[in-house]
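Let's walk through this chain together, from a single residue out to the whole fold and back again. Keep the viewer open and turn the model as you read.

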Amino acid sequence: MNPFVSIIVPYYQSENYISRCVDSILTQTFGDFELLLVNDGSTDRGGEVCDGYARVDKRVRVFHRPHLGVSAARQFGIDSAQGEYTLFCDSDDWIEPNLLEELRKKTKDASYDMVLFDSWREDQCSRKIRKQILFGWDVSWRRFGLFDQISHVLWDKLIRRDVYLKYNISFPKDMNYAEDMYVVFTMFSYPLQIGYIEKAFYHY
């Protein structure tokens, strides 16, 4: 039986952060997931760290690939995923322990294609919540007001894997900047059923 969600973590030169990221995923209060660690040709010891997790937790799958960039790594993760939903996490970020549990509750009685949630934006000097606002989901609002209210990144969005397949959405080759904006904007051009949890679960 396929898991509820495939969590995809593209990895490149993040040896000092990858353990915090993976630990935040493996200690989730909801455990029906698979974790795909996509090593994009990293030359540090992070790949060995990822292999260590796979040896002790069968939910972890590690892929070692040549360095082709984050867009190719994300696409490889989508192509390899088996979950009903997909969720991205950057290797130097981490998530709250109840994120998956809350997402499962949200999708249990509703057929959402996408569920949005808020995030923490943090640095050494500040910490603030980036909220998303849903209103007026008509075509004109999506086209002209999208990024005033909704973030353009992928890591604060649970997305049904079938959305990529149904609408033939893929990450552009050789695009390693704003590739997530491209995918998100493309998705919002289709009639998706969208939910929202007004709480910050992701630490960026």
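Start with Asn-168, which counts as exposed because its relative accessibility is 68%. For this and what follows, buried means under 20% relative accessible area, exposed means over 50%, and partly exposed is in between, with a 1.4 Å probe and protein chains only. You will find Asn-168 in the loop between helix H6 (161–166) and helix H7 (179–187). Its phi is near 55°, a positive value in a residue other than glycine. Helices (H or I, at least four residues) and strands (E, at least two) are DSSP runs, numbered from the N terminus.

A word on what you are looking at: this is a predicted model, in which local features need pLDDT of at least 70 and side-chain atom pairs count only at pLDDT 80 or more, while totals for chains, interfaces and linings use all residues. Residues are numbered from 1 along each chain as its sequence is written, and side-chain values use heavy atoms, with hydrogens and water left out.

Lys-173 is exposed, as its relative accessible area is 79%. If you pick its C-alpha atom and that of Asn-2, 171 residues apart along the chain, you will find 28 Å separating them.

Another positive phi turns up at Gln-13, a residue other than glycine with a value near 50°. Gln-13 sits in the loop between strand E1 (5–11) and helix H1 (18–26). With a relative accessibility of 36%, Gln-13 counts as partly exposed.

Now zoom out to the whole chain. Its secondary structure comes to seven helices and nine strands. How does the radius of gyration fit a compact globule? For 204 residues such a globule would be near 17 Å, and the chain has 16 Å, which agrees. The radius is taken over C-alpha atoms, and the globule rule is 2.2 Å times the number of residues to the power 0.38. Along the principal axes, the C-alpha atoms fill a box of roughly 50 × 45 × 35 Å.

Of the 204 residues, 52% count as buried. Contact means heavy atoms within 4.5 Å; among contacts with a separation of 6 or more, 78% come from residues 24 or more positions apart.

In H1, the buried residues are Ile-18, Cys-21, Val-22, Ser-24, Ile-25 and Leu-26. Their cover includes E1, strand E2 (33–40), helix H2 (46–56), strand E3 (60–65) and strand E5 (94–95). In helix H3 (residues 70–80), the buried set is Ser-71, Ala-73, Arg-74, Gln-75, Gly-77, Ile-78 and Ser-80. Among the elements covering these H3 residues are E1, E2, E3, strand E4 (85–88), H6 and H7.

What about the aromatic rings? A pair of aromatic rings is described by the distance of the centres and the angle of the planes. Rings of Phe, Tyr and Trp (its six-membered ring) pair if their centres lie within 6.5 Å; planes under 30 degrees apart count as stacked, over 60 as edge-to-face and the rest as tilted. By this rule there are nine aromatic pairs. One of them joins Phe-117 and Phe-201 edge-to-face, at 6.1 Å centre to centre and 80° between the planes. This pair links distant parts of the chain, with Phe-117 in strand E6 (residues 114–122) and Phe-201 in strand E9 (residues 194–203), 84 residues apart. Both Phe-117 and Phe-201 are buried.

Trp-155 and Tyr-204 are stacked instead, 5.0 Å centre to centre with 20° between the planes. Trp-155 lies in the loop between helix H5 (139–149) and strand E8 (157–160) and Tyr-204 in the segment after E9, so this pair ties together parts 49 residues apart in sequence. Trp-155 counts as buried at 2% relative accessibility, whereas Tyr-204 is partly exposed at 44%. Phe-4, Phe-30 and Tyr-85 form one aromatic cluster.

Finish at Asp-118, which is found in strand E6. Asp-118 counts as buried because its relative accessibility is 1%. Beyond its neighbours within four places in sequence, its contacts include Ile-129, Arg-130, Tyr-196, Lys-199 and Phe-201.
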